[in-house]
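My entries follow in the order in which I checked things.

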Amino acid sequence: MGILDSLENNPALRSALGQLGAAVLPAVLNEVVGSNNQGGLSAIVAKLQQSGFGEQVKSWLGNGQNLPISADQLRAVLGNDTVRQLAARYNIPVDQLGQILAQELPKAVDQASPEGHLPHTA
């Protein structure tokens with residue numbers, strides 16, 4: 001069982017995912033990776049690399065298992081205010097939203113980089 005599998009089996013995370021519903025999770029991710037505030041997926045990846053998370057990003061861009069990032073680490077890079085605003089907008093506890101973003105952002109980067117790098121429009 002991989003690290004992401006264990007996150008998916010986390011009761012708090014499952015509860016938060018249940019609260020989000022299938023339609024809301026993409027909206028939250030779209031706001032994080034597509035917002036002018038964050039500069040899109042490429043800008044977030046660059047922020048993560050500059051913040052010392054290059055190995056994680058490299059694993060997300062490459063083939064194979066994605067290395068994890070914690071909710072606290074991601075919140076530090078994205079900014080507490082951004083995460084709090086998203087949590088308030090979608091009525092999700094900040095801690096649960098952080099866990100969801102920490103689980104889903106690596107997947108989003110992985111899916112957006114089938115060739116091992118992000119397209120210029122990401």
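I began with L74, which lies in helix α5; helices here are DSSP runs of H or I of at least four residues, and strands are E runs of at least two, numbered from the N terminus. The model is a predicted one, in which local features need pLDDT of at least 70 and side-chain atom pairs count only at pLDDT 80 or more, while totals for chains, interfaces and linings use all residues. Residues are numbered from 1 along each chain as its sequence is written, and side-chain values use heavy atoms, with hydrogens and water left out.

Is L74 buried or exposed? I found a relative accessibility of 2%, so L74 counts as buried (buried means under 20% relative accessible area, exposed over 50%, partly exposed in between, with a 1.4 Å probe and protein chains only). Not counting residues up to four places away in sequence, L74 touches L48, I69, L101, A102 and L105, where contact means heavy atoms within 4.5 Å. I also noted that L74 and S51, 23 residues apart in sequence, are 9.9 Å apart in space, C-alpha to C-alpha.

Next I looked up the core. The largest nonpolar core has 24 residues, and L48, I69, L74, L97, L105 and V109 are those with the most contacts inside it; such a core is a set of buried Ala, Val, Leu, Ile, Met, Phe, Trp, Tyr and Cys residues joined through side-chain atoms within 4.5 Å. Two or more residues of this core come from each of α3, α4 (54–61), α5, α6 (80–89) and α7, and α7 gives the most, with five residues. In soluble globular proteins, nonpolar side chains tend to be buried together.

I then turned to helix α3 (residues 40–50) and helix α7 (residues 94–112), whose axes come within 11 Å and cross at roughly 120 degrees. Axes are lines fitted to C-alpha atoms, for helices over the stretch in contact, and angles run from 0 to 180 degrees between N-to-C directions. The two helices are therefore oblique to each other, given that angles under 35 degrees count as roughly parallel, over 145 as roughly antiparallel, 65 to 115 as roughly perpendicular and the rest as oblique. On α3 the contact is made by L41, I44, V45 and L48, and on α7 by L105, A108, V109 and A112. I sorted these residues into eight nonpolar, no polar and no charged (Ala, Val, Leu, Ile, Met, Phe, Trp, Tyr, Cys and Pro count as nonpolar, Asp, Glu, Lys and Arg as charged, and the others, Gly among them, as polar).

For α3 and α4 I noted an angle of about 140 degrees, with the axes 7 Å apart, which makes α3 oblique to α4. Here V45, L48 and Q49 in α3 meet G54, V57 and W60 in α4, and the contact divides into four nonpolar, two polar and no charged residues.

Within α4, I found Q56, V57, S59, W60 and L61 buried, and the buried residues of this helix pack against α3 and α7. Q56 has a relative accessible area of 15% and touches L67 and P68, not counting residues up to four places away in sequence.

My last entry is R75, which lies in helix α5 (residues 71–78). At 13% relative accessibility R75 counts as buried, and beyond four places in sequence R75 touches N80, V83, V94, D95 and G98.
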